[in-house]
Amino acid sequence: RHLSGDRPLQKIASGATSTMAITKLGLYNVSAAVVNASQIMNTNALLGPKFTKIGLEKAKMFDKGKMSTRDKGIVKQLMIEEQLGLEHDALMGDVHSPGKIFNATTKWFQGVEQFNRRTAGLGAYYKFLSENAADTFGLLEKGPNNKYVLQHKAGIEYARETIYRSQFDYGLYDAHGFIRRSGPIGSVLFQFKKFPIKQSEFMLGLKGAEAKRFWVSYGIAVGLVGFPGMNFIKDMVRQMFDTDIELETMKFLNEWTDEADSDIEKESRKRISEIIMYGLPSQAGVNISSRVGISDVIPQGLGDLAGPTLNTAYKLKEIFSENRDGKWAKVTKNMATSLGNLMVALEGSSYGKRGRKITDFSPQERVVKAQGFRTMRETREVNAQNVIRYDEKKSRALRAKYVDRAIRAIENDEKGDLKGIAEDYASDNLGTSKSFVRAIKREMGQKQLTASQRQFFNQSRLGKYKSLPTYNSLER
């Protein structure tokens, strides 16, 4: 069907983006709806807590069917139900059944989207009326009540602007020029990229009290791990200084926690550390930092620019992989997020990159996994393994530096320097003197032997090592 008509490429692209919208956001994906609700932080930044609360209360009345006639009229004038939400533009092509499936299985997501917009619109309208008295709009020939008409129109306009600023417009006409000019191919490559771009623009445009309100609530929600662009920052620091700032921060907080004088203080420090890293929701046993935050807003590889369609197609190879057994939940999640989350919950365990079991989930944790979030217990155990591997990697790199320094000292016959190097090696707890000597001899042997000779030596423990310095001479 997608190949028929005058614009087959457009129809193929529309079919692809529709399918991705269904499999990634639809099929009753709970986490997508929960993450979407986080945009209330944007509304709070613009309106403040008082009128955000008013907007929330009035939006709830709509959902309960108890909204006042006046507020219903405001919602109708704001045309909230007609506004395009996230990725609705993916369904604008000639795709009928996918659109029906999307609408049927994204009711939670779309419900939250409409709720966010009603909250922003109604809160902004009443904020405007509270701060701009009707008398300031003057009188016209139509009568003394006309000032209220003018006040109302101005309030509606302010509410529309607030919705646009805080909840965004995802229509194609409002997309960035490079997305519009890229045509059908761009709609596939840049699917789901509009939100991080618009959210970044929103953050950068905040000033004064708006910025303070946003960053406080954002920090509480996602912690350091969800900071915008954090993944890019970590990679840059790692490449420049060979240091992982996230793991180093974890190690510092772990050491600070272990220094507590009592169990109560230790537990308090542990909770504070988790809030700093992952935000307040971590205290409910849930890690939503990477989902709500936009730490990946800056692309770091071709995969980040390929879009969900190409990435999903690439991951199809896992279906044919010899190692797919025992990983069907992961394979399914790559294809259809919500179904994969359910399979992970039913499977009841988490696995590392090499397929090794990390932990078994409790009944409560299975509920969290079914909704598409990571549990804090899982996060702690993964982090503990990451810290161990990180420390081992740093130790290997440091040992290599000491070995290189020692070899230069031996070649230059600088016995004093060699002794100092050995003392530094011991003070860094990198191993015994014999292990240091073995590392030096192994490195010197590799530099002197050809590839075949090196292989022979590794097998026979013979060869040119006989001419190298002895253990005793090196230790001296």
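E113 and R117 are both buried (under 20% relative accessible area, where over 50% is exposed and in between is partly exposed, with a 1.4 Å probe and protein chains only). This is a predicted model, in which local features need pLDDT of at least 70 and side-chain atom pairs count only at pLDDT 80 or more, while totals for chains, interfaces and linings use all residues. Residues are numbered from 1 along each chain as its sequence is written, and side-chain values use heavy atoms, with hydrogens and water left out.

**Salt bridges**

- The whole structure holds 18 salt bridges, each being a side-chain nitrogen of Lys or Arg within 4 Å of a carboxyl oxygen of Asp or Glu.
- One of them joins E113 to R117, with 2.8 Å between the closest N and O atoms.
- E113 and R117 are four residues apart in helix α6, so about one helical turn separates them; helices are DSSP runs (H or I, at least four residues), numbered from the N terminus.
- Another salt bridge pairs E246 with K234, whose closest N and O atoms are 2.4 Å apart.
- E246 belongs to helix α13 (residues 245-258) and K234 to helix α12 (residues 230-241), so this pair ties together parts that are 12 residues apart in sequence.
- Both E246 and K234 are buried.
- K251 and D391 also form a salt bridge, at 2.8 Å from N to O.
- This pair links distant parts of the chain, 140 residues apart, with K251 in helix α13 and D391 in helix α21 (residues 376-411).
- K251 is buried at a relative accessible area of 19%, whereas D391, at 28%, counts as partly exposed.
- A network of salt bridges links D235, R238 and D244.

**Surroundings of E248**

- E248 is in helix α13 and is partly exposed, with a relative accessible area of 24%.
- Leaving aside residues up to four places away in sequence, E248 touches T243, Y390 and K394, where contact means heavy atoms within 4.5 Å.
- E248 and Y390 are 142 residues apart along the chain, yet their C-alpha atoms are separated by 9.3 Å.

**Packing of α4 and α6**

- Helix α4 (residues 69-78) packs on helix α6 (residues 107-131) at an angle of about 110 degrees, and their axes are 10 Å apart.
- Axes here are lines fitted to C-alpha atoms, for helices over the stretch in contact, and angles run from 0 to 180 degrees between N-to-C directions.
- The angle makes α4 roughly perpendicular to α6 (65 to 115 degrees; under 35 is roughly parallel, over 145 roughly antiparallel and the rest oblique).
- The crossing of α4 and α6 is right-handed, which applies if the near helix is turned clockwise from the far one by less than a right angle, anticlockwise being left-handed.
- On the α4 side the contact is made by R70, D71, I74, V75 and L78, and on the α6 side by R118, G121, L122, Y125, Y126 and L129.
- The contact of α4 with α6 has seven nonpolar, one polar and three charged residues; Ala, Val, Leu, Ile, Met, Phe, Trp, Tyr, Cys and Pro count as nonpolar, Asp, Glu, Lys and Arg as charged, and the others, Gly among them, as polar.

**Packing of α3 and α11**

- Helix α3 (residues 40-63) and helix α11 (residues 208-222) cross at roughly 140 degrees, and their axes come within 8 Å.
- That angle makes α3 oblique to α11, and the crossing is right-handed.
- Residues in the contact include M41, N42 and L46 of α3 and R213, F214 and Y218 of α11.
- The contact of α3 with α11 divides into eight nonpolar, four polar and two charged residues.

Notes. Helices (H or I, at least four residues) and strands (E, at least two) are DSSP runs, numbered from the N terminus.
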